[in-house]
Amino acid sequence: MVHSGARRSGFTLLEVLVASTVLVVLMAAIFLVLRSSQDDYAVDSRAVELQSQAARARSILERDFTEASIDYIYTARIANTSSTYSFTSKFYDASAGVSQCQNSACVWSVDAQGAPIEPRSNLTSIYVDWTGTVYSYRVGKVWSSLPAGSTCPACGQPVLPAANVGGAMLLSPRDSLGDFVLSDGPDNRPDWQAILLYVPVRDTKTGVSALRRFAVYLSDLENVDPATGNPPNPIYAAPGSYFYDYETPGWTLWDNDNPVGNPSLLDLFDLDQDGTVSFDPQNRDVMDYEAFDLSGDWIYYYRYRASPDYRMFYVSINRGTGETWISLYFTAGAEYFYRYGYFVRQSELVARGVTTADFSMNRTNPYSITNPEGVVEENIVRITLGMDAAFAGPGGTRRLDRVQILQVCPKN
Ligand SMILES: [Zn+2]
């Protein structure tokens with residue numbers, strides 16, 4: 001059998017070139033599709049992560065603020081004297097690494113689709129000093145890990161080496177065991193068991209700002225185990241903690257409470273003893289001085305009245321370590337009641353990666369008076385919480401931001 005010539009097998013050079021080109025184009029297309037969907041996945045997974053964080057923050061905030069009373073919520077720094085007062089809607093946070101962009105044109109974040117989000121720096125907050133002079137400043141994004149002298153990563157403008165951040169203080173009817181407590185009076189009003197403080201904190205380990213929830217309980221003022229009613233209180237059992245108290249025999253000031261003879265938080269704030277207490281600066285119990293502020297790492301709340309009876313209440317909490325000092329001193333004629341304690345309690349994480357935290361109310365927050373973003377409704381607390389996440393995306397680092405606004409109506 002003879003083969004008819006050498007039958008050519010394989011492909012011509014041209015065919016190979018064409019095939020290769022087609023292959024390369026196809027591979028590139030596949031690669032682009034893959035990369036694009038990877039980017040989409042990165043964006044989507046961050047969005048889902050932020051979404052679940054936001055849901056967690058929402059559930060904590062909604063419960064506490066719904067169970068509170070509109071009369072027992074502070075949303076602003078307040079420094080008050082009997083004749084004059086000054087207040088801002090913000091804390092001034094000068095922690096190392098915390099800074100704030102105040103460029104009103106700064107678009108510092110994008111949504112999941114890459115569209116710019118309205119710059120928060122368009123919001124304005126105001127400060128009223130004791131002479132009544134009004135100062136206003138921009139409220140831009142808070143950066144929590146920039147070295148001193150840095151510029152804003154979003155717009156390149158210089159940042160302020162400190163931030164104006166929002167916080168809130170409120171009374172809660174939940175005790176240290178988490179139980180909702182009602183007074184035994186005829187109207188079954190909530191028996192205020194805790195002072196809660198919501199304050200942004202920069203974690204020095206991660207460099208990320210978080211909104212955290214700090215609590216001081218009524219039982220912290222007693223050396224009695226809240227679970228059993230017997231001494232000792234576990235909070236004072238830890239090494240380094242201590243508790244000191246003294247009261248004159250026959251002290252009867254807390255006579256509306258259960259059990260009789262124990263103070264309630266209302267007693268501590270009800271300076272005129274009319275059975276009500278208000279944090280509202282327009283309608284408050286008369287006092288000589290009051291402040292709710294940040295000082296370095298410390299959050300503090302302090303109020304006192306010098307006469308006719310001396311009444312002082314002081315709480316100070318270290319934002320980083322949870323170290324807590326409480327001090328309470330009341331007199332009534334020749335009698336007096338004194339409590340002093342030190343302990344450590346860790347705060348609860350509410351939201352991580354916080355870039356904005358605003359708590360505003362119509363009644364206690366000047367922010368609402370001139371700012372269209374403020375609260376108009378009398379009985380609403382408005383909470384604006386911004387969170388972000390940075391990740392590598394097409395064209396460099398992208399920042400995904402989620403700003404949620406809660407409007408909560410306190411029910412008690
Ligand atoms: Zn900026």
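## Basis and overall make-up

This is a predicted model, in which local features need pLDDT of at least 70 and side-chain atom pairs count only at pLDDT 80 or more, while totals for chains, interfaces and linings use all residues. Residues are numbered from 1 along each chain as its sequence is written.

The protein chain holds 3 helices and 22 strands, these being DSSP runs numbered from the N terminus (helices H or I, at least four residues; strands E, at least two). Of its 412 residues, 36% count as buried, meaning that 20 or more other C-beta atoms, placed from the backbone, lie within 10 Å of the residue's own.

Leaving aside residues up to four places away in sequence, Leu170 touches Asp64, Phe65, Ala68, Tyr72, Ile73 and Leu196, a contact being two C-beta atoms, placed from the backbone, within 7 Å.

## A five-stranded sheet

An open sheet of 5 strands runs in the order S1-S10-S11-S12-S19 with antiparallel pairing, where strands pair if DSSP finds at least two bridges between them. Strands S1 (73–74) and S19 (348–352) each have a single partner strand, so one side of each is left without a neighbour in the sheet. S1 pairs with S10 (residues 168–172) over 2 bridges, and Tyr74 has Met169 in S10 as its bridge partner.

## A cis peptide bond

The peptide bond from Pro231 to Pro232 is cis, with omega near 0 degrees, and Pro232 is found in the loop between strand S12 (209–217) and strand S13 (242–247).

Definitions and conventions
Buried ≥ 20, exposed ≤ 12 C-beta atoms within 10 Å, placed from the backbone.
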